Amino acid sequence: MRYFVKLLIISILFVNFENANAKKIVETPLRISTQQRVPSYLKEADVENDARILTSTIQNWLPSQTAIIICDMWDKHWCPDATARVAEMAPRLNEVLSIARAKGVKIVHAPSDCLDYYKDFKGRKEAQKYSDKKIAALADGQTKLPSEEGAVWPVDQSDEGCENGGAKPYHAWKKEIDALEITDNDLISDNGAEIGAYFKKKGIKNVILTGVHTNMCVIGRSFGLRAMKRMGMNVVLMRDMTDLMYNHEMAPRVNHFSGLDLMVEYIETYVCPTIVSTDFTGRKQFVFSGDKRPRVAFITAESEYRANQRLPEFAHELTLKDIHCDFALGIPIMNDAKPEADADVKAEYAAYGMPIGGTALTAAPTRHNIENLQILDDASLAVFFIRRRALEPEKMARIKEYVASGRPVIGIRTASHSFDAKGNVPRSGGGIEAAESNASDLMAQWPEFDRDVLGGNYQGHYGHLKTGTDVKPTPGMENHPILKGVKPYNSPNWLYQNRPLRTTKAQVLLLGSNPGVEDEPVAWLNGKVFYTSLGHWNDWKSESFRNLMFNAVDYLLDKK
């Protein structure tokens, strides 16, 4: 008898052990691409003290340690415009939730002031079991974070933010919108103390906020971004699954959706990173049907000229002109085997605000990677500021598809050698080295991008002169729309060699001069493509260069 009891116990233990191991094997990490604006690590005197750079990191999250909170996606809002936008966004958000739930992510429904409706739901009863005094003390979303000290709020919401002037606030909501499915395994609570205590008990440390409204409840509820940050959560905003309360007649007097972009920028700068739903769906990010603004896709991957500082600053000003800007960022991940061997990657690592050895980067190490290229699908204009990158063939195909569509392109300085890595790059390799494998195992390159797209003839550059490069309009082109407000000036750039251009269609707009050499073209139009070999970080301080870039965007977008 004792023998059979022992055998039974051993069998049970073995089954439990196998189940535990099976669970570990089944749980596949989520690949999450985050975006954030951080202080620059560069210390040179010519970098502004408050310089911010846009960074992207890849993080691997275990689904069992991850939750999505849906904030205040009510059945009805007192503002009709807000109600309509929630109804439009909800089906797409439900797709995200269904995919995440199937992967093992905990879904938390947080429709504030509606909990009586859910009192008999399993998820509501489950949430009420959890409490923690320390967590409760941190469930504060109304007080700004220390990181927000001195920050300027991006929009004026003092009129409550409804663009329908006749609407007045009242309690219009009774429950969460029906388009969002609630399952028995989901949690239901509008109490940050409950939610935080549940997360602590269950080992959840990665939290994604979705829902409305970003400038009010999403950031300020007891379960919102600030509160989750205070609780020590690795919290992010899903920036395409949110909205804001903002009336375009209030400061800064921009389109409603430009106001949302400015709020996302604020959050990325002072609160936490953001992500897009693409990480779950594999589809392009959600765009409201009412958002008719032109969309500029910035594709950046270079370290020498601080593109990740200057282009976001440029994009901010475009946003104020009601142009939507997205970024697909190169990620400077060090080669684990020989981090000291690649000085270029080292410099780029620092330029992106990430100290060498930082723990934020958890993906396979490679500098040949650009995230979020799905932004090209809806782009009205693509801006390339890239230096010697190879990409997975499917990503390169996406770029070629955009170019083949005939939509306009802007290339800045190193764009002339965007996709020429100076050697084969294995898919799994971290450095630029000769490939020992078959061609099918290599990353894709496009060295003809300069010739076939930009119309250039990049052959290197002249010496680094302390006197810089004198820039002047090409005789006869002074009245071209792109040169409005562009006067001769001295650029700190060393002069690129591009003469003669490899297209007969080019309109050379600007020439660059160095002592003792023939003038070189430094800005030209090639059909719907504008390229400039200028683009030093100090060029952006020149009114002439800034006018050149704004004019180029307006010209290619046909903005009058």
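Visitor: Is Arg546 buried, partly exposed or exposed?

Guide: This is a predicted model, and in it Arg546 is partly exposed, with a relative accessible area of 26%.

Visitor: Which residue forms a salt bridge with Arg546?

Guide: Side chains of opposite charge can pair when their charged atoms come close. Here the partner is Glu317, and the closest N and O atoms are 2.8 Å apart. The pair links distant parts of the chain, since Glu317 lies in helix 10 and Arg546 in helix 14 (residues 543-556), 229 residues apart. Glu317 also counts as partly exposed, at 26% relative accessibility.

Visitor: How many salt bridges does the structure hold?

Guide: The structure holds 30. One of them joins Arg37 to Glu268, with 2.8 Å between the closest N and O atoms.

Visitor: Why does Arg37 count as buried?

Guide: Buried means under 20% relative accessible area. Arg37 counts as buried because its relative accessibility is 12%. Glu268 counts as buried because its value is 1%.

Visitor: Which residues are linked in a network of salt bridges?

Guide: The network is made up of Asp261, Asp291, Arg293, Arg295 and Asp326. Within it, Arg295 pairs with Asp326, the closest N and O atoms being 3.6 Å apart. This pair connects strand 9 (residues 295-301) to strand 10, across 31 residues. Arg295 is buried, with a relative accessible area of 10%, and Asp326 is buried at 9%.

Visitor: How many cavities of 30 Å³ or more does a search of the whole structure find?

Guide: The search finds three. The largest cavity holds about 430 Å³ of space. Of its 27 lining residues, the closest to the centre are Arg239, Asp261, His324, Cys325 and Asp326. Helix 8 gives the most to this lining, with six residues. By class, the lining has 11 nonpolar, six polar and 10 charged residues.

Visitor: Which residues line the second largest cavity?

Guide: Among them are Lys284, Arg295, Asp326 and Asp378. About 40 Å³ of space lies in this cavity, and its lining has two nonpolar, two polar and four charged residues.

Visitor: How much space lies in the largest pocket?

Guide: About 680 Å³. It is lined by 25 residues, and Arg52, Glu265, Thr269, Tyr270 and His316 are the closest to its centre. Strand 1 (30-39), strand 2 (52-61), helix 8 (256-270) and helix 10 (307-319) each give two or more residues to the lining. The lining divides into 12 nonpolar, five polar and eight charged residues.

Terms used. Residues are numbered from 1 along each chain as its sequence is written. This is a predicted model: local features need pLDDT of at least 70, side-chain atom pairs count only at pLDDT 80 or more; totals for chains, interfaces and linings use all residues. Side-chain values use heavy atoms; hydrogens and water are left out. On a 1 Å grid over the protein atoms alone, a cavity is a set of points where a 1.4 Å probe fits but cannot get out, and a pocket is an open set with protein on both sides within 12 Å along at least five of seven lines; lining residues have an atom within 4 Å of a point. Grid points are joined across faces, edges and corners, and a volume is the space filled by probe spheres set on the points. Helices (H or I, at least four residues) and strands (E, at least two) are DSSP runs, numbered from the N terminus. Ala, Val, Leu, Ile, Met, Phe, Trp, Tyr, Cys and Pro count as nonpolar, Asp, Glu, Lys and Arg as charged, and the others, Gly among them, as polar. A salt bridge is a side-chain nitrogen of Lys or Arg within 4 Å of a carboxyl oxygen of Asp or Glu. Buried means under 20% relative accessible area, exposed over 50%, partly exposed in between (1.4 Å probe, protein chains only).
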